[in-house]
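Hi,

Here is the structure I promised to pass on.

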Amino acid sequence: MVAHLVRLKLSILRNSLKRSTAQLVGVIIGGLYGLGILIFLFAGLIGLGFVPLEIARTTIVLAGAALILGWLIIPLFTSGLDMTLDPERFVTFAVPMRQLLTGLGLAAVVGIPGIITLLASLGTALSWLRNPLAAVVAIICGLLGVAICVLGSRALTSLSSNLAGSRKFRDLSFLVLLIPLMFLGPIITGLSQGVRNFGQFLPGFADAVSFTPLGAVWAVPADIAAGDWWQAGVKFLIALATAGLLGWLWRISLARALVTPVHAAGKRRAAGKLGFFRLFPATSWGAVTARSLTYFFRDPRYLGSLVVAPILPVVLIVPGLSSGGGWGVAAFGGAVAVFLLVWSLASDTSYDNTAFALHVATGVSGLADRLGRALAYFVVSLPLGVIYALLGAVLTDGWEGLPAQLGLVIGITLSGLGLGSVMSAIWIFNVPAPGDNPFKSRPGNNFAFAMLQLAGLLGLAVLVLPEFILTMMATLGDQPFLGWISLLIGILLGGALLVLGLWLGGRIYDRRAPELLVTLTAQK
């Protein structure tokens, strides 16, 4: 049974490569990227064999702790990612628990991340060739470290499975994890600047981490090389206890999940509460607008964009302030936020999934569909851009540059909505299904689709190039009158591109609506 589960995982991976040539190319590129990482890691591990013992110990312990922490956090942040052997699919099969655990654990290593983790963990032995016994122990500890990574990842995933069945828990956990991760770069920058003697801080920090479940397994070979046998023994016991505890947690949580599978329960709503639908007229475009706005505040896939867009400009501002810069970049925060939001319209039809059948069945015209979606994004995006432009003017005391910033924001909003209205009527992307984690990767997302997205982003940048150039000249060249020209161009050129995009997208939609529905239905 264990071998069968591993073969099943290999078969799924092999069949996924047969979907299209572009997807195969994407996997090959990912494999080459992983190979490059391995070469870099092996070169670094060999180099650590020629540096002082304390440096090698500090580097390996902290890097290994970060590796285990990544295996613990990433599955929670991207719940459902690479769940080709989802335990819930074995509910109806009488697979012995021990064989199921072993098979699922080994199958978790089958894949680019698992293979890189395994080879890198075993490669730590290269850093301890100066001491043959430490090198042999490093191989054993490397395998134990991989086991901790896999067992920890699966245990936390299984333990959170019942909670993950709650829509509110998924949304809340997504937001709670997303915001700190966005500020991870500024936090690291601040810490590195706050610690004056970073070289003296890291060894002590690594020593503390080496007595925790995250770093104990990686410190054992270093302690043996240094002759600290009692510390090596204690830390090896900590590593064994960690693996044993995680395995026990995974076993009991998996046993419970197999008996009581997760199910999503619906919530009753009081009659008469129409939400956004009461704010718009009872027309086709009004209904589409209200539904799209509802998605922004109820669907975690849309909610992610609504959270990221306002926060990302702040993330860009923090490094400038920490390095002694001013608030100048804050003036462009609105443009950055709007650029991210309006481009999401290009995937809006894809997010509908099978609900798109309502548009086709009720005969919603292409123009009404495009207009309703664009209006919803306009209502969300433009106020955010204007708020940031006003905030930038207040912080920089640069009110003369406000027209230029408003011109750029309006130009991006209108031009982006026009381009997105066309692209979402032509292409369907493999986006997360309704109820899935916003960052779940579905089969079919290949190199060709990535290039298509990149081309669209570059196209939007080209469309707003006039407003951007005028805004930069007005801001950096201290020529306020150019800001008013930017505002005028943003309204006129952006408005023209929006009208053109709605008209062209509507015509394409009327012609391709059945094909779009067939593609979306095949992805459910």
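This is a predicted model: local features need pLDDT of at least 70, side-chain atom pairs count only at pLDDT 80 or more; totals for chains, interfaces and linings use all residues.

First, the empty space. Rolling a probe the size of a water molecule over the atoms shows where empty space is left. Here there is one cavity of 30 Å³ or more, and the volume of the largest cavity comes to about 40 Å³. If you want to find it on screen, pick out the residues that line it: Ile-60, Thr-124, Trp-128, Ala-138, Cys-141, Gly-142, Val-217, Trp-218 and Pro-221. Two helices, H6 (132–159) and H11 (216–226), each give at least two residues to that lining. What about the classes of the residues in the lining? Seven are nonpolar and two are polar, with no charged residues.

Now the helices. Two packed helices are described by the angle between their axes and the distance between the axes. Take H18 (residues 366–396) and H22 (residues 480–522): their axes come within 7 Å and cross at roughly 130°. H18 and H22 are therefore oblique to each other, and the crossing of H18 past H22 is right-handed. On the H18 side, the contact is made by Gly-366, Leu-367, Asp-369, Arg-370, Leu-371 and Ala-374. H22 brings Leu-502, Gly-505, Gly-506, Tyr-509 and Asp-510 to the contact. Sorted by class, the contact of H18 with H22 has five nonpolar residues, three polar ones and three charged ones.

Cheers

Definitions and conventions
Residues are numbered from 1 along each chain as its sequence is written. Side-chain values use heavy atoms; hydrogens and water are left out. On a 1 Å grid over the protein atoms alone, a cavity is a set of points where a 1.4 Å probe fits but cannot get out, and a pocket is an open set with protein on both sides within 12 Å along at least five of seven lines; lining residues have an atom within 4 Å of a point. Grid points are joined across faces, edges and corners, and a volume is the space filled by probe spheres set on the points. Helices (H or I, at least four residues) and strands (E, at least two) are DSSP runs, numbered from the N terminus. Ala, Val, Leu, Ile, Met, Phe, Trp, Tyr, Cys and Pro count as nonpolar, Asp, Glu, Lys and Arg as charged, and the others, Gly among them, as polar. Axes are lines fitted to C-alpha atoms, for helices over the stretch in contact, and angles run from 0 to 180 degrees between N-to-C directions. Angles under 35 degrees count as roughly parallel, over 145 as roughly antiparallel, 65 to 115 as roughly perpendicular and the rest as oblique. A crossing is left-handed if the near helix is turned anticlockwise from the far one by less than a right angle, and right-handed if clockwise. Contact means heavy atoms within 4.5 Å.
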